[in-house]
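Trainee: I have a protein model on my screen and would like a close look at one part of it. Please take me through that part, and then show me how it sits in the whole.

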Amino acid sequence: MAWCDECDHLVEDDQLDEAGACPTCGTVLTEPAPRPIPWYFKAMVVAFIIYLGWRGYQGIDWVIHHV
Ligand SMILES: [Zn+2]
């Protein structure tokens with residue numbers, strides 16, 4: 001169920017048209033499905049975390065050997 005601000009009334013889900021719009025005024029009431037995060041973006045984040053972890057390890061290693 002969605003609330004239409006334009007018409008000031010509730011619209012049942014089965015009354016919404018295919019685009020999720022109000023049948024009376026045509027205002028889109030439902031949020032479009034969020035775009036899935038592409039796999040290469042996730043891979044990039046994972047690679048970045050691994051890189052940071054490696055740099056962090058190197059930094060700690062350097063400190064241990066130079067204190
Ligand atoms: Zn409406």
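Mentor: Start with the inventory. This is a predicted model, and the protein has one helix and two strands. From the N terminus on, the order is β-β-α. The radius of gyration is 25 Å, well over the 11 Å that the globule rule gives for 67 residues, so the protein is more spread out than a compact globule.

Now the part to look at closely: the helix. Helix 1 covers residues 39-66, which is 28 residues. From its first C-alpha to its last it reaches 40 Å. That is close to the 40 Å expected at 1.5 Å a residue. Is helix 1 buried or in the open? Count its buried residues: the number is zero out of 28, so helix 1 lies largely in the open.

Take one residue as an example. Phe-48 sits in helix 1. Around Phe-48 there are 10 other C-beta atoms within 10 Å. The cut-off for an exposed residue is 12 or fewer, so Phe-48 counts as exposed. Keep the turn of a helix in mind as you look along it. An α-helix has 3.6 residues a turn, so residues three or four places apart point the same way.

Next, place the helix in the whole. The protein is divided into domain 1 (1-32) and domain 2 (35-67). Helix 1, at residues 39-66, falls within the bounds of domain 2, 35-67. The centres of the two domains, taken over C-alpha atoms, are separated by 46 Å. A pair of residues gives another distance. Phe-48 and Glu-6 are 42 residues apart in sequence, and their C-alpha atoms are 46 Å apart in space.

Asp-8 is not a glycine, yet its phi is positive, about 60 degrees. Most residues other than glycine have a negative phi. Asp-8 has 7 C-beta neighbours inside 10 Å, so this residue counts as exposed.

Along the principal axes, the C-alpha atoms fill a box of roughly 75 × 25 × 15 Å. Buried residues make up 6% of the 67 residues. Now take the contacts between residues at least 6 apart in sequence. Of these, 9% join residues at least 24 apart.

Note on methods: Residues numbered from 1 in each chain as written. Predicted model: local features only at pLDDT ≥ 70, side-chain atom pairs only at ≥ 80, totals over all residues. Helix = DSSP H or I, 4+ residues; strand = E, 2+ residues; numbered from the N terminus. Expected span 1.5 Å × (residues − 1). Buried ≥ 20, exposed ≤ 12 C-beta atoms within 10 Å, placed from the backbone. Domains from an automatic or database assignment. Rg over C-alpha atoms; globule rule 2.2 N^0.38 Å. Contact = placed C-beta atoms within 7 Å.
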